[in-house]
Amino acid sequence: MRLDKFLANSGIGTRKEVKEIIKKKKISVNGVFVKDGKIHIDENKDVIKYENKVVGYKPFVYIMMNKPAGVISATEDNCHKTVVDLLNDEYRTYDIFPAGRLDIDTEGLLLLTNDGILSHNLLSPKKHVDKKYYVKIAKPLSENDVKILENGIKLEENFVTKKAKVEVISEDLHENGDNQVYITISEGKFHQVKRMFKAVNNEVLYLKRVKMGNLSLDENLKLGEYRELTEEELDGLKF
């Protein structure tokens, strides 16, 4: 691996910043200061130091975010703030992207990473990764509504959803006239949850993803906050 790529992937700085750091003789390889970021190093054997501190190589990062409403699940956008915009500078040298998407007005669990293989596995229809959502709806569901949602429902473009799981949290209307349920689906079509409830003559008032596969949203994360996954959480996402 090229030294400059190694340093950028280790969070030292952007490629441009790394080039300047190397010029100032702040990087040593196996005890020898280097001036050329194009040299190749063995990230598993060579000892790389920045200002006499060993640089640990971290090729991939995995971040759990509690996505707020009003922010889009993208890496860049000319009109709206993106989830990547919420990240600190320490992650700006990684090509991080959201693994999947949540609608702009949907909150909750979002995984951001630069691991394309993991992202593909999470999103692949063949893997059938469950996504669980907390939903506030306009009116309570009837028993028949639940059966229709769980057994597969035909949406507008003749698409029939796969079986889902619906958990009614409360059958009583609240003061604001809503009802609360959890719904678990294994697909991720455009506005799918909203369209499913619309198909049973209901309306989604609030939507929040709380679980994806074995990964559950950390309840301590406030809206817009994030943290890296623990080793245990990451192991739970391996296929």
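I call a residue buried under 20% relative accessible area, exposed over 50% and partly exposed in between, using a 1.4 Å probe and protein chains only. This is a predicted model, in which local features need pLDDT of at least 70 and side-chain atom pairs count only at pLDDT 80 or more, while totals for chains, interfaces and linings use all residues. Residues are numbered from 1 along each chain as its sequence is written, and side-chain values use heavy atoms, with hydrogens and water left out.

Helix entry. I took helices (H or I, at least four residues) and strands (E, at least two) as DSSP runs, numbered from the N terminus. In helix H4, residues 143-151, I found Asp 145, Val 146 and Leu 149 buried. Viewed down the axis of H4, the buried residues fall within an arc of 100° (directions from the helix axis to the C-beta atoms), so they line one face of the helix. On the face turned away from that buried side I noted Glu 143, Lys 147 and Asn 151, which are exposed. Just after H4, Gly 152 has a positive phi of about 105°.

Strand entry. I counted strands as paired if DSSP finds at least two bridges between them. Strand S8 (residues 131-137) is mostly covered, with 5 of its 7 residues buried. I saw S8 pair antiparallel with S10 (residues 179-185) over 7 bridges, where Ile 137 has Asn 179 as its bridge partner. S8 also runs antiparallel to S11 (residues 204-212), joined by 7 bridges, and Lys 132 stands opposite Lys 211 there.
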